[in-house]
Amino acid sequence: MAKAWTGSRIDLHIDVAAASPAKRRAALEAALREAIREGSLRPGVPLPSSRGLADQLGLSRGTVTSAYGQLIGEGFLTSRPGSGTAVADVRDPKPPAAPPHRYAPVPPRHDLRPGSPDLAAFPLRGWTAATRRVLAAARPELFGAGDPQGRHELRAALADYLGRTRGVRTSADRIVVTSGYHQNVRLVARVLKARGSTKAAWEDPGHHFFRGVAVDAGLDVRPLPVDALGAQVDRLTDEAAVFVTAAHQYPTGVPLDAARRRALVDWAHRRDSLIVEDDYDGEFRYDRRPVGALQAVASCEVLYSGSVSKTLGPGLRLGWLALPSRLVESFMEAKLESEPFTEGLHQAVLADFLASHAYDRHIRAARLRYARRRERLIRLLAEFPSLTVHGVPAGLHVAVSLPAEGPGEREVMAAAAERGLGVRGMAELYQDPGSAQEGLIIGHAAPSERAYPAALFALAGTLREAGVA
Ligand SMILES: Cc1ncc(COP(=O)(O)O)c(C=O)c1O
(Lines give C-alpha, C1' and ligand atoms only; values in the text may rest on other atoms or scores of the structure.)
Protein backbone atom coordinates (compact mmCIF):
# COMPACT_ATOMS: atom_id res chain seq x y z
CA MET A 1 0.00 0.00 0.00
CA ALA A 2 1.29 3.49 -0.85
CA LYS A 3 2.27 5.40 2.24
CA ALA A 4 3.03 8.81 0.97
CA TRP A 5 1.70 11.38 -1.37
CA THR A 6 3.92 13.83 -3.14
CA GLY A 7 1.83 16.61 -4.64
CA SER A 8 2.75 18.59 -7.73
CA ARG A 9 3.95 21.69 -5.88
CA ILE A 10 4.38 20.26 -2.42
CA ASP A 11 6.17 17.42 -0.83
CA LEU A 12 3.95 15.96 1.81
CA HIS A 13 4.24 12.62 3.48
CA ILE A 14 1.08 11.20 4.82
CA ASP A 15 1.25 7.84 6.50
CA VAL A 16 -2.15 6.27 6.77
CA ALA A 17 -1.00 2.71 6.26
CA ALA A 18 -0.32 2.22 9.95
CA ALA A 19 -3.98 2.88 10.76
CA SER A 20 -6.52 0.05 10.68
CA PRO A 21 -8.90 0.25 7.68
CA ALA A 22 -11.67 1.66 9.88
CA LYS A 23 -9.44 4.47 11.11
CA ARG A 24 -7.81 5.53 7.84
CA ARG A 25 -10.20 8.38 7.17
CA ALA A 26 -9.51 9.81 10.63
CA ALA A 27 -5.76 9.30 10.10
CA LEU A 28 -5.88 11.17 6.77
CA GLU A 29 -7.84 14.04 8.34
CA ALA A 30 -5.43 14.26 11.27
CA ALA A 31 -2.38 14.26 8.98
CA LEU A 32 -3.83 17.03 6.78
CA ARG A 33 -4.88 19.12 9.79
CA GLU A 34 -1.44 18.83 11.34
CA ALA A 35 0.31 19.72 8.06
CA ILE A 36 -1.90 22.80 7.67
CA ARG A 37 -1.40 23.86 11.31
CA GLU A 38 2.35 23.55 11.24
CA GLY A 39 2.56 25.30 7.88
CA SER A 40 3.90 22.55 5.63
CA LEU A 41 0.66 22.93 3.65
CA ARG A 42 0.37 26.65 3.07
CA PRO A 43 -2.78 28.63 2.30
CA GLY A 44 -3.86 28.38 -1.33
CA VAL A 45 -1.97 25.16 -2.13
CA PRO A 46 -4.17 22.99 -4.36
CA LEU A 47 -4.80 19.44 -3.21
CA PRO A 48 -4.99 16.50 -5.60
CA SER A 49 -8.38 15.35 -6.73
CA SER A 50 -9.99 12.85 -4.44
CA ARG A 51 -9.49 10.15 -7.04
CA GLY A 52 -5.78 11.03 -7.45
CA LEU A 53 -5.07 11.03 -3.73
CA ALA A 54 -7.06 7.84 -3.22
CA ASP A 55 -4.97 6.11 -5.88
CA GLN A 56 -1.70 7.33 -4.40
CA LEU A 57 -2.51 6.35 -0.83
CA GLY A 58 -4.32 3.15 -1.68
CA LEU A 59 -7.54 4.36 -0.16
CA SER A 60 -11.06 4.27 -1.50
CA ARG A 61 -12.19 7.46 -3.20
CA GLY A 62 -15.08 7.73 -0.74
CA THR A 63 -12.63 7.83 2.18
CA VAL A 64 -10.76 10.79 0.66
CA THR A 65 -13.98 12.59 -0.35
CA SER A 66 -15.39 12.39 3.13
CA ALA A 67 -12.07 13.47 4.73
CA TYR A 68 -12.00 16.52 2.40
CA GLY A 69 -15.64 17.23 3.27
CA GLN A 70 -14.90 17.11 6.97
CA LEU A 71 -11.91 19.47 6.65
CA ILE A 72 -13.90 21.88 4.45
CA GLY A 73 -16.51 21.90 7.21
CA GLU A 74 -13.87 22.65 9.82
CA GLY A 75 -12.40 25.47 7.72
CA PHE A 76 -9.03 23.87 6.96
CA LEU A 77 -9.79 23.42 3.23
CA THR A 78 -11.79 25.32 0.64
CA SER A 79 -13.51 24.04 -2.40
CA ARG A 80 -14.65 26.10 -5.35
CA PRO A 81 -16.40 24.67 -8.42
CA GLY A 82 -13.88 24.44 -11.23
CA SER A 83 -10.78 25.05 -9.09
CA GLY A 84 -10.80 21.95 -6.91
CA THR A 85 -9.84 21.66 -3.28
CA ALA A 86 -7.19 23.92 -1.75
CA VAL A 87 -5.73 24.75 1.64
CA ALA A 88 -7.72 27.50 3.36
CA ASP A 89 -6.17 30.56 4.91
CA VAL A 90 -6.18 29.40 8.50
CA ARG A 91 -5.45 32.62 10.31
CA ASP A 92 -4.21 31.12 13.50
CA PRO A 93 -2.78 27.76 12.54
CA LYS A 94 -0.81 27.44 15.77
CA PRO A 95 -2.40 29.46 18.56
CA PRO A 96 0.29 31.10 20.68
CA ALA A 97 0.64 29.69 24.18
CA ALA A 98 -1.30 31.67 26.78
CA PRO A 99 0.98 33.71 29.04
CA PRO A 100 1.23 32.28 32.56
CA HIS A 101 -1.36 33.92 34.80
CA ARG A 102 -0.55 35.88 37.94
CA TYR A 103 -1.37 33.01 40.27
CA ALA A 104 0.34 30.31 38.22
CA PRO A 105 1.85 28.01 40.82
CA VAL A 106 5.55 28.48 40.26
CA PRO A 107 6.78 28.11 43.83
CA PRO A 108 9.95 29.94 44.76
CA ARG A 109 13.01 27.81 45.49
CA HIS A 110 12.58 28.53 49.22
CA ASP A 111 8.93 28.95 50.08
CA LEU A 112 8.35 31.02 53.21
CA ARG A 113 5.19 32.61 51.87
CA PRO A 114 2.31 32.51 54.30
CA GLY A 115 -0.81 30.61 53.28
CA SER A 116 -0.12 26.96 52.70
CA PRO A 117 0.44 24.15 55.20
CA ASP A 118 3.15 21.55 54.62
CA LEU A 119 1.55 19.61 51.79
CA ALA A 120 4.23 16.92 52.03
CA ALA A 121 2.74 16.10 55.46
CA PHE A 122 -0.77 15.57 54.08
CA PRO A 123 -2.15 12.52 55.95
CA LEU A 124 -2.26 10.47 52.80
CA ARG A 125 -2.55 7.08 54.44
CA GLY A 126 -5.47 8.03 56.68
CA TRP A 127 -7.19 9.94 53.88
CA THR A 128 -6.81 6.95 51.56
CA ALA A 129 -8.23 4.61 54.20
CA ALA A 130 -11.18 6.95 54.78
CA THR A 131 -11.76 7.22 51.02
CA ARG A 132 -11.76 3.41 50.73
CA ARG A 133 -14.29 3.10 53.54
CA VAL A 134 -16.52 5.73 52.00
CA LEU A 135 -16.40 4.16 48.56
CA ALA A 136 -16.94 0.63 49.89
CA ALA A 137 -20.13 1.80 51.61
CA ALA A 138 -21.19 4.21 48.83
CA ARG A 139 -24.79 4.45 47.76
CA PRO A 140 -25.53 5.93 44.32
CA GLU A 141 -26.58 9.25 45.90
CA LEU A 142 -22.93 9.88 46.82
CA PHE A 143 -22.36 10.76 43.18
CA GLY A 144 -25.40 12.99 42.87
CA ALA A 145 -25.42 16.76 43.30
CA GLY A 146 -26.42 16.25 46.94
CA ASP A 147 -27.80 18.60 49.56
CA PRO A 148 -26.64 22.20 48.83
CA GLN A 149 -26.29 22.73 52.59
CA GLY A 150 -23.69 19.96 52.61
CA ARG A 151 -23.75 16.27 53.50
CA HIS A 152 -25.50 15.72 56.78
CA GLU A 153 -22.82 13.41 58.20
CA LEU A 154 -20.17 16.08 57.55
CA ARG A 155 -22.23 18.83 59.18
CA ALA A 156 -22.82 16.61 62.22
CA ALA A 157 -19.11 15.70 62.47
CA LEU A 158 -18.13 19.37 62.11
CA ALA A 159 -20.58 20.49 64.80
CA ASP A 160 -19.02 17.96 67.18
CA TYR A 161 -15.43 18.82 66.24
CA LEU A 162 -15.84 22.62 66.31
CA GLY A 163 -17.64 22.43 69.63
CA ARG A 164 -14.95 20.24 71.16
CA THR A 165 -11.92 22.10 69.86
CA ARG A 166 -13.02 25.71 69.36
CA GLY A 167 -16.01 26.03 71.68
CA VAL A 168 -18.28 26.78 68.72
CA ARG A 169 -21.93 26.44 69.66
CA THR A 170 -23.64 24.95 66.67
CA SER A 171 -25.43 21.93 65.25
CA ALA A 172 -25.69 20.17 61.90
CA ASP A 173 -28.73 22.24 60.88
CA ARG A 174 -26.87 25.54 61.40
CA ILE A 175 -23.80 24.61 59.35
CA VAL A 176 -23.48 25.25 55.62
CA VAL A 177 -20.68 23.41 53.83
CA THR A 178 -18.90 25.53 51.23
CA SER A 179 -15.75 25.55 49.15
CA GLY A 180 -13.89 27.74 51.66
CA TYR A 181 -13.49 31.36 52.72
CA HIS A 182 -13.68 32.63 49.14
CA GLN A 183 -17.20 31.36 48.84
CA ASN A 184 -18.07 32.35 52.39
CA VAL A 185 -17.18 35.98 51.68
CA ARG A 186 -19.26 35.96 48.51
CA LEU A 187 -22.22 34.43 50.33
CA VAL A 188 -22.00 37.04 53.11
CA ALA A 189 -22.02 39.75 50.42
CA ARG A 190 -25.19 38.35 48.84
CA VAL A 191 -26.93 38.10 52.20
CA LEU A 192 -25.93 41.65 53.15
CA LYS A 193 -27.28 42.96 49.85
CA ALA A 194 -30.55 41.14 50.45
CA ARG A 195 -30.69 42.70 53.94
CA GLY A 196 -30.31 46.14 52.40
CA SER A 197 -26.81 47.35 53.30
CA THR A 198 -23.44 46.64 51.78
CA LYS A 199 -21.34 48.61 54.29
CA ALA A 200 -18.68 46.39 55.77
CA ALA A 201 -15.52 46.85 57.83
CA TRP A 202 -12.35 44.90 57.09
CA GLU A 203 -9.30 44.75 59.36
CA ASP A 204 -6.44 46.97 58.23
CA PRO A 205 -3.93 45.41 57.70
CA GLY A 206 -5.85 42.39 56.55
CA HIS A 207 -5.94 39.72 53.91
CA HIS A 208 -5.83 41.80 50.73
CA PHE A 209 -6.95 38.96 48.50
CA PHE A 210 -10.15 38.22 50.42
CA ARG A 211 -10.81 41.93 50.82
CA GLY A 212 -10.70 42.05 47.01
CA VAL A 213 -13.22 39.21 46.86
CA ALA A 214 -15.53 41.23 49.13
CA VAL A 215 -15.16 44.36 47.00
CA ASP A 216 -15.77 42.36 43.82
CA ALA A 217 -18.87 40.88 45.38
CA GLY A 218 -20.24 44.41 45.75
CA LEU A 219 -19.41 45.29 49.36
CA ASP A 220 -18.50 48.82 50.34
CA VAL A 221 -15.42 47.89 52.38
CA ARG A 222 -13.96 50.35 54.91
CA PRO A 223 -10.70 49.87 56.78
CA LEU A 224 -10.86 48.97 60.47
CA PRO A 225 -7.43 49.80 61.94
CA VAL A 226 -5.57 47.17 63.91
CA ASP A 227 -3.15 47.82 66.80
CA ALA A 228 -1.37 45.66 69.37
CA LEU A 229 -4.74 44.66 70.89
CA GLY A 230 -6.28 43.67 67.58
CA ALA A 231 -9.01 45.44 65.62
CA GLN A 232 -10.00 48.85 67.00
CA VAL A 233 -13.65 47.97 67.29
CA ASP A 234 -14.56 51.34 68.81
CA ARG A 235 -14.15 52.75 65.28
CA LEU A 236 -17.14 50.75 64.03
CA THR A 237 -20.17 52.86 63.20
CA ASP A 238 -23.02 51.91 60.90
CA GLU A 239 -21.51 48.92 59.10
CA ALA A 240 -23.82 45.99 58.38
CA ALA A 241 -20.96 43.56 58.95
CA VAL A 242 -17.38 43.34 60.10
CA PHE A 243 -14.87 40.71 59.01
CA VAL A 244 -12.45 39.78 61.79
CA THR A 245 -9.71 37.27 62.55
CA ALA A 246 -10.28 37.38 66.30
CA ALA A 247 -8.16 34.46 67.52
CA HIS A 248 -5.07 35.35 65.51
CA GLN A 249 -5.28 38.56 63.53
CA TYR A 250 -4.12 38.22 59.94
CA PRO A 251 -1.38 39.24 59.42
CA THR A 252 -0.19 40.76 62.73
CA GLY A 253 -0.84 37.60 64.76
CA VAL A 254 -2.37 39.34 67.80
CA PRO A 255 -5.55 37.97 69.38
CA LEU A 256 -8.42 40.39 69.86
CA ASP A 257 -8.26 41.81 73.37
CA ALA A 258 -10.94 40.54 75.80
CA ALA A 259 -12.57 43.94 76.40
CA ARG A 260 -12.67 44.57 72.65
CA ARG A 261 -14.28 41.17 72.07
CA ARG A 262 -17.08 42.21 74.43
CA ALA A 263 -17.38 45.66 72.85
CA LEU A 264 -17.55 44.11 69.38
CA VAL A 265 -20.35 41.75 70.34
CA ASP A 266 -22.25 44.60 72.05
CA TRP A 267 -21.95 46.76 68.95
CA ALA A 268 -23.22 43.93 66.70
CA HIS A 269 -26.07 43.16 69.10
CA ARG A 270 -27.16 46.81 69.35
CA ARG A 271 -27.13 47.38 65.61
CA ASP A 272 -28.21 43.94 64.43
CA SER A 273 -24.96 43.87 62.46
CA LEU A 274 -23.06 40.71 61.65
CA ILE A 275 -19.61 39.62 62.78
CA VAL A 276 -17.87 37.34 60.30
CA GLU A 277 -15.23 35.44 62.23
CA ASP A 278 -12.53 33.99 59.98
CA ASP A 279 -11.03 31.29 62.22
CA TYR A 280 -8.49 30.36 59.57
CA ASP A 281 -5.80 28.80 61.78
CA GLY A 282 -7.50 28.43 65.18
CA GLU A 283 -6.15 24.91 65.69
CA PHE A 284 -2.58 26.11 65.81
CA ARG A 285 -1.78 27.70 69.14
CA TYR A 286 1.50 26.61 70.72
CA ASP A 287 1.57 28.06 74.24
CA ARG A 288 -1.33 26.11 75.78
CA ARG A 289 -3.38 29.29 75.94
CA PRO A 290 -5.80 28.76 73.08
CA VAL A 291 -8.23 31.58 72.49
CA GLY A 292 -11.64 30.07 71.84
CA ALA A 293 -13.74 31.24 68.95
CA LEU A 294 -15.63 34.50 69.42
CA GLN A 295 -18.70 32.59 68.26
CA ALA A 296 -18.53 30.58 71.50
CA VAL A 297 -19.78 33.61 73.43
CA ALA A 298 -21.94 35.23 70.75
CA SER A 299 -23.56 32.56 68.62
CA CYS A 300 -26.41 34.93 67.63
CA GLU A 301 -24.14 37.67 66.31
CA VAL A 302 -21.21 35.71 64.87
CA LEU A 303 -20.98 33.87 61.56
CA TYR A 304 -18.15 31.46 62.14
CA SER A 305 -16.03 30.57 59.09
CA GLY A 306 -13.45 27.84 58.69
CA SER A 307 -11.91 25.53 56.12
CA VAL A 308 -9.40 22.71 55.76
CA SER A 309 -7.04 24.95 53.79
CA LYS A 310 -4.56 25.37 56.68
CA THR A 311 -5.02 21.93 58.20
CA LEU A 312 -5.09 19.61 55.19
CA GLY A 313 -4.58 21.62 52.03
CA PRO A 314 -6.20 24.45 50.08
CA GLY A 315 -6.61 22.16 47.06
CA LEU A 316 -9.47 20.27 48.71
CA ARG A 317 -11.68 23.38 48.58
CA LEU A 318 -13.76 22.45 51.62
CA GLY A 319 -14.97 24.95 54.15
CA TRP A 320 -17.98 25.81 56.29
CA LEU A 321 -20.03 28.47 57.94
CA ALA A 322 -21.63 27.96 61.36
CA LEU A 323 -24.53 30.41 61.32
CA PRO A 324 -27.00 31.93 63.74
CA SER A 325 -30.26 29.99 63.24
CA ARG A 326 -32.09 33.05 61.91
CA LEU A 327 -29.64 33.38 59.00
CA VAL A 328 -29.53 29.81 57.71
CA GLU A 329 -32.38 30.31 55.28
CA SER A 330 -30.90 33.51 53.80
CA PHE A 331 -27.54 31.81 53.33
CA MET A 332 -29.16 28.82 51.67
CA GLU A 333 -31.00 31.17 49.31
CA ALA A 334 -27.72 32.93 48.52
CA LYS A 335 -25.99 29.61 47.93
CA LEU A 336 -28.79 28.30 45.73
CA GLU A 337 -28.66 31.47 43.63
CA SER A 338 -24.91 31.33 43.10
CA GLU A 339 -22.85 28.17 43.60
CA PRO A 340 -25.18 25.62 45.19
CA PHE A 341 -23.14 22.44 45.22
CA THR A 342 -19.94 21.38 46.91
CA GLU A 343 -18.06 18.31 45.77
CA GLY A 344 -19.59 15.31 47.57
CA LEU A 345 -16.94 12.60 47.78
CA HIS A 346 -14.45 14.72 49.70
CA GLN A 347 -17.22 15.84 52.02
CA ALA A 348 -17.98 12.22 52.86
CA VAL A 349 -14.28 11.45 53.30
CA LEU A 350 -13.78 14.43 55.60
CA ALA A 351 -16.82 13.34 57.64
CA ASP A 352 -15.24 9.89 58.10
CA PHE A 353 -11.85 11.44 58.85
CA LEU A 354 -13.38 13.64 61.55
CA ALA A 355 -15.58 10.92 63.06
CA SER A 356 -12.68 8.46 63.29
CA HIS A 357 -10.59 11.19 65.01
CA ALA A 358 -7.91 10.83 62.32
CA TYR A 359 -8.29 14.61 61.87
CA ASP A 360 -7.49 15.23 65.58
CA ARG A 361 -4.41 13.01 65.34
CA HIS A 362 -3.26 14.81 62.21
CA ILE A 363 -3.74 18.22 63.82
CA ARG A 364 -1.82 17.17 66.95
CA ALA A 365 1.16 16.02 64.87
CA ALA A 366 1.02 19.15 62.68
CA ARG A 367 0.81 21.40 65.77
CA LEU A 368 4.00 19.88 67.20
CA ARG A 369 5.82 20.21 63.92
CA TYR A 370 4.78 23.82 63.34
CA ALA A 371 5.55 24.77 66.95
CA ARG A 372 9.13 23.51 66.49
CA ARG A 373 9.45 25.34 63.20
CA ARG A 374 8.16 28.55 64.71
CA GLU A 375 10.70 28.31 67.54
CA ARG A 376 13.53 27.91 65.05
CA LEU A 377 12.30 30.88 63.09
CA ILE A 378 12.00 33.04 66.22
CA ARG A 379 15.56 32.06 67.26
CA LEU A 380 16.82 33.11 63.86
CA LEU A 381 14.94 36.41 63.95
CA ALA A 382 16.46 37.14 67.38
CA GLU A 383 19.81 37.46 65.60
CA PHE A 384 18.38 40.63 64.01
CA PRO A 385 17.46 42.77 67.02
CA SER A 386 16.23 45.67 64.88
CA LEU A 387 13.27 43.54 63.79
CA THR A 388 10.08 43.58 65.85
CA VAL A 389 8.26 40.26 66.01
CA HIS A 390 4.50 40.62 66.46
CA GLY A 391 1.82 38.33 67.74
CA VAL A 392 1.40 35.28 69.91
CA PRO A 393 2.87 31.81 69.35
CA ALA A 394 0.22 30.57 66.96
CA GLY A 395 -0.59 29.93 63.35
CA LEU A 396 1.53 29.26 60.33
CA HIS A 397 3.23 32.62 59.91
CA VAL A 398 5.11 35.31 61.82
CA ALA A 399 4.78 39.05 61.18
CA VAL A 400 7.88 41.20 61.69
CA SER A 401 8.24 44.90 61.13
CA LEU A 402 11.35 46.60 59.88
CA PRO A 403 12.87 49.52 61.80
CA ALA A 404 12.37 53.05 60.51
CA GLU A 405 16.12 53.34 59.88
CA GLY A 406 17.79 50.72 57.76
CA PRO A 407 16.65 48.90 54.65
CA GLY A 408 13.00 49.15 53.66
CA GLU A 409 10.63 46.41 52.65
CA ARG A 410 11.39 46.89 48.99
CA GLU A 411 15.13 46.29 49.49
CA VAL A 412 14.51 43.19 51.61
CA MET A 413 12.01 41.79 49.11
CA ALA A 414 14.49 42.40 46.28
CA ALA A 415 17.23 40.57 48.20
CA ALA A 416 14.78 37.71 48.84
CA ALA A 417 13.86 37.45 45.17
CA GLU A 418 17.54 37.38 44.32
CA ARG A 419 17.96 34.25 46.47
CA GLY A 420 14.79 32.57 45.24
CA LEU A 421 13.15 33.14 48.62
CA GLY A 422 9.39 33.72 48.75
CA VAL A 423 8.08 35.87 51.63
CA ARG A 424 5.27 38.44 51.70
CA GLY A 425 5.67 42.14 52.23
CA MET A 426 3.59 43.65 55.02
CA ALA A 427 2.89 47.09 53.48
CA GLU A 428 0.75 45.69 50.66
CA LEU A 429 -1.71 44.32 53.21
CA TYR A 430 -2.83 47.82 54.24
CA GLN A 431 -5.83 49.55 52.70
CA ASP A 432 -4.73 52.90 54.04
CA PRO A 433 -1.25 53.53 52.60
CA GLY A 434 -0.77 56.36 55.12
CA SER A 435 -0.69 53.93 58.03
CA ALA A 436 1.19 51.12 56.25
CA GLN A 437 4.08 49.63 58.17
CA GLU A 438 6.97 48.03 56.35
CA GLY A 439 7.81 44.48 57.28
CA LEU A 440 7.58 40.85 56.32
CA ILE A 441 5.04 38.09 56.75
CA ILE A 442 7.04 34.90 57.00
CA GLY A 443 5.26 31.56 56.61
CA HIS A 444 6.93 28.61 58.29
CA ALA A 445 4.61 25.83 57.18
CA ALA A 446 4.84 25.48 53.41
CA PRO A 447 8.27 23.83 52.99
CA SER A 448 8.66 20.14 53.68
CA GLU A 449 10.63 19.17 56.81
CA ARG A 450 13.68 18.56 54.65
CA ALA A 451 13.41 21.87 52.81
CA TYR A 452 12.81 24.02 55.90
CA PRO A 453 16.45 24.42 57.10
CA ALA A 454 17.57 25.61 53.68
CA ALA A 455 14.66 28.07 53.58
CA LEU A 456 15.70 29.49 56.97
CA PHE A 457 19.27 29.73 55.76
CA ALA A 458 18.07 31.68 52.73
CA LEU A 459 16.08 33.99 55.01
CA ALA A 460 19.10 34.71 57.21
CA GLY A 461 21.22 35.36 54.11
CA THR A 462 18.57 37.68 52.71
CA LEU A 463 18.30 39.75 55.89
CA ARG A 464 22.08 40.06 56.19
CA GLU A 465 22.54 40.93 52.56
CA ALA A 466 19.80 43.58 52.74
CA GLY A 467 21.62 45.12 55.71
CA VAL A 468 19.07 44.37 58.42
CA ALA A 469 20.77 44.83 61.78
C1 LIG B 1 -6.61 34.95 56.54
C2 LIG B 1 -7.11 33.72 55.82
N3 LIG B 1 -8.40 33.41 55.91
C4 LIG B 1 -8.90 32.30 55.30
C5 LIG B 1 -8.10 31.47 54.57
C6 LIG B 1 -8.70 30.25 53.93
O7 LIG B 1 -9.13 30.50 52.64
P8 LIG B 1 -9.86 29.35 51.81
O9 LIG B 1 -10.75 28.64 52.77
O10 LIG B 1 -10.66 30.10 50.74
O11 LIG B 1 -8.81 28.49 51.22
C12 LIG B 1 -6.76 31.78 54.42
C13 LIG B 1 -5.90 30.90 53.61
O14 LIG B 1 -4.86 31.23 53.12
C15 LIG B 1 -6.24 32.93 55.09
O16 LIG B 1 -4.94 33.26 54.99
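Analyst: In this predicted model, Val389 stands opposite Val400 of strand 13. The pairing of strand 12 with strand 13 is antiparallel and rests on three bridges. Six residues lie between these two strands in their hairpin, where Gly391 adopts a positive phi near 85°.

On to the next pairing: strand 13 and strand 16 run antiparallel and are joined by five bridges. One of the paired positions is His397, whose bridge partner in strand 16 is Gly443. Strand 16, residues 439-443, also pairs with strand 15, again in the antiparallel sense, over two bridges; here Leu440 of strand 16 is the bridge partner of Gly425.

Taken together, four strands make up an open sheet with antiparallel pairing, in the order 12-13-16-15. Strand 12 (388-390) and strand 15 (424-425) are the edge strands; each has a single partner strand, so one side of each has no neighbour in the sheet. Helix 11 (residues 358-381) packs on this sheet and touches strand 12, strand 13 (397-401) and strand 16. The direction of helix 11 makes about 15° with that of strand 13.

How far is strand 13 enclosed by the rest of the structure? Four of its five residues are buried, so strand 13 is largely enclosed.

As for the nonpolar cores, the largest has 69 residues, and helix 6 (residues 181-195) gives the largest share of this core, seven residues. A second, separate core of 25 residues includes Leu112, Leu377, Ile442 and Val468.

Terms used
Residues numbered from 1 in each chain as written. Predicted model: local features only at pLDDT ≥ 70, side-chain atom pairs only at ≥ 80, totals over all residues. Pairing = 2+ DSSP bridges. Contact = placed C-beta atoms within 7 Å. Axes fitted to C-alpha atoms, helices over the stretch in contact; angles between N-to-C directions. Core = buried A, V, L, I, M, F, W, Y, C linked by C-beta atoms within 7 Å. Buried ≥ 20, exposed ≤ 12 C-beta atoms within 10 Å, placed from the backbone.
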